[in-house]
Amino acid sequence: MGLSQLVQKKRHWQQVLSGLVWLLVNVSFYSIGQWQSEQRQLQWQQWLELQPLPQQSWLSAEQGQLKLEFTAPPHAADFVALDGSNPVLHLAPELVQSWSALDYLVLNLPFMLWLAWLIWLRPYQQQFRQELQQLEQQTQLLLTHLELPFHRQTNPATQLQRVLLKLKNWQKRDSEIRQLVRVQGLVDHELAIGNRVFFESRLNHYLTESAEVASGAVFLVQLSHPELHLSNLIKLQRLRGCTELMAELVAAWPEAVMARLAENDLALLIPGLNGKEAEQLGDRLAQVLSQANFFAECQDFDLVHIGFVLYQQGQSSYQLMAEADMALKTAQLQGPNAAYGFNDPQKPKIKGSVWWRTELHNALKQNRFLLSFQPVFSWQDNDVLQHEVLVRLASSEGEKLAAALFLPMAANCGLVGAIDQYVLLKVAKMTETEALEHCRCSVNLNVQSLLDEGWWHWLELQISSGSIVTTELALEFHEHHLMKHYKNLKPKLLQLQQWGFELIVDHVGLSLDATPYTDELPIRMLKIHPAVVRGVDHQLEQQLFIRGLLASCVGKDIKVIATGVEQDPEWQCLKKLGVTGAQGYYFSQPLARLIAQNQLSE
């Protein structure tokens, strides 16, 4: 039975029941009145039998007492006229109070009001019934389309639950398909890691982007299969095992990029790695991979060779990969399961943790963190969407260090929370003094700050005291860090959104992991990593990635922003792909002041 039929049946029985109640109430009141009248007559009759009866008199009842009077009582509540010639009680209808039409009208007034209300409500009920019928028809069409047959007597709630379950399964499958489309051109599907195009785009980004760490290391890992007639399946299983072990060994470096360059060649890119760390990691990789259980039957063979090279920004990717390949060939000449690297002595010396701890402590006390603002432009509105806050450190040696260089050191020293507090308060104060219309700023937060209960309590106090106005700030989170701590971060991010912060995920595309947060969190904006944007006009794989990302955001009110745009062909291609806006040197250098909204359109 459909919903409209249930509602109609219920309405019919309500009307029948209401009529019965009205009839019973009127009959009850009439019967009570008649019974009371008969009782009075009987009482009077019994009383008169004991009293002398004059020629003509009146019997009245006042306050429960019967009186016999010889003149008509003008104010008696109840009285009858008596005929003395006959000891029989004669009622005088014109003198006795009884139920009048007005009495019955007052009695039925609530029912009349209820009836008038029903008449007034009837058009709305008909409209509701029509809407229910339309809903039933649409539900039946949906059930037919979903191939979910039901019996006519099936509960509508059960039907809708089945439909909801089916839609959830479809949504999950659709999310998986969209994720596959996102990474189709950038992933090696056999190993589920990046391919050569993916690796080269990230390498070019770190070699050219001044906001990133200026140095790092590149590793080439080559596996050998000494057994004759070894199946391709076994080779693939060994490669998968190697990628899993390598991922565990480089887990301490969240910016690490891993890819497959050729059939048996893997590559690692780790920004910020110094020479000593690179040597230790190379030796560790060679030792762990050569002793893995999937090589247990061929321990005496030459299985793994690793070549690595340190890089500096400004080098070409071709030159760097040629050096890494030369290091790999040198490792092959050194012997079985060897690692070898070129450590350029001219590269700058990396400062230790003691120097960084002292430097960052003093910078917080002396206010040596410099803020600048890079506007995010919308090509559709020709206006500024918001500003991203960029932080640099004015070091004691007179250098201005990018956040990508000092924030990892701050995390190692346990000072990243203090720096986040400093930046938030300073930005909140600046936006208050600027007083620009709709001038929202986005601040990059480290996820470790949110996971720190002391830091979270500090944020609550700042919001409650009004020191931080949530509607003027957006918070950005690194996608890799978000996914790594997703379970613990999810309730925190939901609370931040309820307080009024806008949530932004940046560095999207640096990793190829699935992204459930777009379905489960109220994300306002996704920022594509510059490595995906660089040269997008002639890289079909990167265009396919962006198309897949845009498709995954359809219907979710999520803006997709490109970062690191430097060339006009890149920007024209991004507009055709459908991104909402962009930021980068093509539009503006980081600014010392904020740009008011509507200023460009005027």
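Me: How do helix 13 and helix 15 pack, at what angle and how far apart are their axes?
Reply: In this predicted model, helix 13 (residues 453–465) and helix 15 (residues 486–499) pack at an angle of about 10 degrees, and their axes are 12 Å apart. Since angles under 35 degrees count as roughly parallel, that makes helix 13 roughly parallel to helix 15.

Me: Which residues meet there?
Reply: From helix 13 there are E453, W456, L459, E460 and I463, and from helix 15 they meet K492, Q495, L496 and W499. Sorted by class, this contact of helix 13 with helix 15 has five nonpolar, one polar and three charged residues.

Me: What does K492 do relative to W456?
Reply: K492 lies over the face of the W456 ring, at 4.4 Å from the ring centre.

Me: Switching to aromatics, how many aromatic pairs turn up in the whole structure?
Reply: A search of the whole structure finds nine aromatic pairs. In one of them, F219 and F308, the ring centres are 5.3 Å apart and the planes stand at 35 degrees, so the pair is tilted.

Me: Why does 35 degrees make the F219 and F308 pair tilted?
Reply: Planes under 30 degrees apart count as stacked and those over 60 as edge-to-face, with the rest called tilted, so the 35 degrees between the planes of F219 and F308 puts this pair in the tilted class.

Me: Where in the chain do F219 and F308 sit?
Reply: F219 is in strand 6 (residues 215–223) and F308 is in strand 9 (residues 304–312), so the pair links distant parts of the chain, 89 residues apart.

Me: And are F219 and F308 buried or exposed?
Reply: F219 is buried, with a relative accessible area of 0%, and F308 also counts as buried, at 4% relative accessibility.

Me: What about F369 and Y422, how are their rings placed?
Reply: The ring centres of F369 and Y422 are 5.6 Å apart and their planes are at 55 degrees, so this pair is tilted. Because F369 lies in strand 11 (residues 369–378) and Y422 lies in helix 11 (residues 416–434), the pair ties together parts that are 53 residues apart in sequence. Both F369 and Y422 are buried.

Me: Which residues form an aromatic cluster?
Reply: One aromatic cluster is formed by F377, W571, Y586 and F587.

Me: New topic, backbone angles: what is phi at A192?
Reply: A192 has a positive phi of about 60 degrees, although A192 is not a glycine. A192 is found in the loop between strand 4 (187–188) and strand 5 (193–194), and at 59% relative accessibility A192 counts as exposed.

Me: And what is phi at N337?
Reply: Phi of N337 is near 50 degrees, which is again a positive value in a residue other than glycine. N337 is found in the loop between helix 8 (317–334) and strand 10 (339–342), and N337 is partly exposed, with a relative accessible area of 22%.

Me: Last one, where is G509, and is G509 buried or exposed?
Reply: G509 is in the loop between strand 16 (502–508) and helix 16 (517–520), and G509 is buried, with a relative accessible area of 0%.

Me: What is G509 in contact with?
Reply: Leaving aside its neighbours within four places in sequence, G509 is in contact with F198, R202, E479, V532 and F545. G509 and A531 are 7.9 Å apart in space, C-alpha to C-alpha, and 22 residues apart in sequence.

Note on methods: Residues numbered from 1 in each chain as written. Predicted model: local features only at pLDDT ≥ 70, side-chain atom pairs only at ≥ 80, totals over all residues. Heavy atoms only, no water. Phe/Tyr/Trp six-rings, centres within 6.5 Å; stacked < 30°, edge-to-face > 60°. Helix = DSSP H or I, 4+ residues; strand = E, 2+ residues; numbered from the N terminus. Buried < 20%, exposed > 50% of the residue type's maximum accessible area, 1.4 Å probe, protein only. Lys NZ or Arg CZ within 6 Å of the ring centre and 35° of its normal. Axes fitted to C-alpha atoms, helices over the stretch in contact; angles between N-to-C directions. Parallel < 35°, antiparallel > 145°, perpendicular 65-115°, else oblique. Contact = heavy atoms within 4.5 Å. Nonpolar A, V, L, I, M, F, W, Y, C, P; charged D, E, K, R; others polar.
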